[in-house]
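Hello,

I am passing a structure on to you, and my notes on what I found follow below it.

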Amino acid sequence: MSEYIKPLPKPSPTSRPYWGAARRHELQLQHCGACSSYIYYPRPRCPNCMSDNLKWERVSGRGKLYSYTVVRRASTRSFADAPYVLAIVELDEGPRMTTNMIAPPDQLKIGMPVAVYFDDVTPEQTLVKFKPA
Amino acid sequence: MSLKNQAAAIGFAELKPLKDAPPDLTPLMLMARLTADAIADAGLAKSDIDGFLVGMPSAEPGFIYPASAAEVLGINPRMLNVVDIGGASPAGMIWRAAAAIQAGMCSAVLCIVADLNRVGDQRVPVISVQREFESPYGNIGANCGYAMIAHRHMYEYGTTPQQMAKVAVDQRKSALKNPLAAFGDKPLTIDDVLNSRMIVDPLHLFEIVSPCSGGSAVIVASPEVAKRAKNPPVWILGAGEYSNHSSITYAPSLTESPIKPAADAAFKMAGVDRKDVDLICPYDCYTITVLVTLEDAGFCKKGQGGPFAAEHDLSYAGDFPCNTHGGQLSFGQPGLGGGMSHVVEGVRQLMGRGEGRQVKDAALAYVNGNGGIMSEQVSLILERRS
């Protein structure tokens, strides 16, 4: 297997539970006990109400394709394997995520239902991607 | 209290962007030339410059930058700062200069940007959250974000590739009359744009700005200093700024940008209507950026940017002059000098120095600066009084 050369996340104290859950193939988001917002990406406090009453909750992993692009020419060498599909998914719980769609571009439509797909890119790191549902 | 009529642009300098980055050039060499040229253009002496706002050159960045750059240039400022709001930095400098002048901190501010196109493969974001949640998925550089905005705009409003391409085509018409435009040598058709290589669907090569080397400078001065300037003063009538995201994924909307609050604030301060504006200079890193700006700055209804561009002649000779220097798409993007090109063109036209592309009787201009992925917005209203 060839070496994985794309950038990898460097988890922070704030985000470590998120990436840890992804490694176990679970999508977990912070949920604010004060205003009931779901939060992505992980924050030190709720960006809606500034509460520190945040708990990790497993969410559905279901959402809709909000927008996407087929990157045919990447701006860095690490993505020289372009084309790839960069996407924004809106989760059923509300937040949007930057992600990749694992599907041929001609099968994609904005607004289509999608489901989470856990991509174990290295033995230590899993990225959160999506497939058509 | 507002910034209305508190300061004026009285001189500028602008270099023709170079497509390469000559090894014997540095950003500070360009800044030295621009400083000398802008001061001469305004008819001032170097000792008149007592404020210094500078953009951080990507080719030669550094901490505590303003004092070191000012020292090289021999300027002793009473106010100095880097303005770091991406492509909106130059427009942001203009109102910050006016605010410092209004506050009595200084009287003639040099707003200056220069850079060399040496970014190469180093487009790795330095914002830690972007490194963690964007880069691993390949959301690197600006192309992807704008492509997803364009795609969503097509989905929500039926905007077409032809309508987007029309922006680049009309701006090229003006660039043909701009000797400083890096891409101003031959006309462009809608077919040329749509037949150029697809880079990030739905954006083609000719809808995407080209990084260049170069720079520009504008001097903003108090009414007292403006009286002894060589050029007719171009007054800052209104300004507004707004930001509501960094990555486009976390913006409240992909298609409704923070331009609206910035533009509304600028027009309210200026006390003028959209219909009074003689030309607009909206930031144009991509064709879609101009359509969204037309909508959110209030020149057409939301979602109607595409049909508006298709129905109007946006060239200097047209019924709705827009980016009469060719925009960055045809002028080139010498780092932050891309964003300054919109300010300079607004000032140039209002001073009546548009030469072969002069907009007749231009008295009022709208300028917009845009940073990141529609992240930071600065709107300016500029006026020349008869």
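Let me start with two helices of chain B: the axes of H9(B) (residues 259–270) and H10(B) (residues 287–296) come within 9 Å and cross at roughly 50°. Axes here are lines fitted to C-alpha atoms over the stretch in contact, with angles from 0 to 180 degrees between N-to-C directions. H9(B) and H10(B) are therefore oblique to each other (under 35 degrees would be roughly parallel, over 145 roughly antiparallel, 65 to 115 roughly perpendicular). Ile259(B), Lys260(B) and Ala263(B) of H9(B) meet Val292(B), Thr293(B) and Asp296(B) of H10(B), contact being C-beta atoms, placed from the backbone, within 7 Å.

Please keep in mind that this is a predicted model, where local features need pLDDT of at least 70, side-chain atom pairs count only at pLDDT 80 or more, and totals for chains, interfaces and linings use all residues. Residues are numbered from 1 along each chain as its sequence is written, while chains are lettered from A and ligands numbered from 1 in the order in which they are written.

Next, have a look at strand S4(B), residues 108–115: eight of its eight residues are buried (20 or more other C-beta atoms within 10 Å of their own). Ala108(B), Leu110(B), Ile112(B) and Ala114(B) point one way, and Val109(B), Cys111(B), Val113(B) and Asp115(B) the other.

S4(B) also has partners (strands pair if DSSP finds at least two bridges). S2(B), residues 51–54, runs parallel to S4(B) over four bridges, with Phe52(B) bridged to Leu110(B). S7(B), residues 214–221, is antiparallel to S4(B) over eight bridges, and there Ala217(B) stands opposite Ile112(B).

Best wishes

Methods: A residue is buried if 20 or more other C-beta atoms lie within 10 Å of its own, exposed if 12 or fewer, and partly exposed in between; C-beta atoms are placed from the backbone. Two residues are in contact if their C-beta atoms, placed from the backbone, lie within 7 Å.
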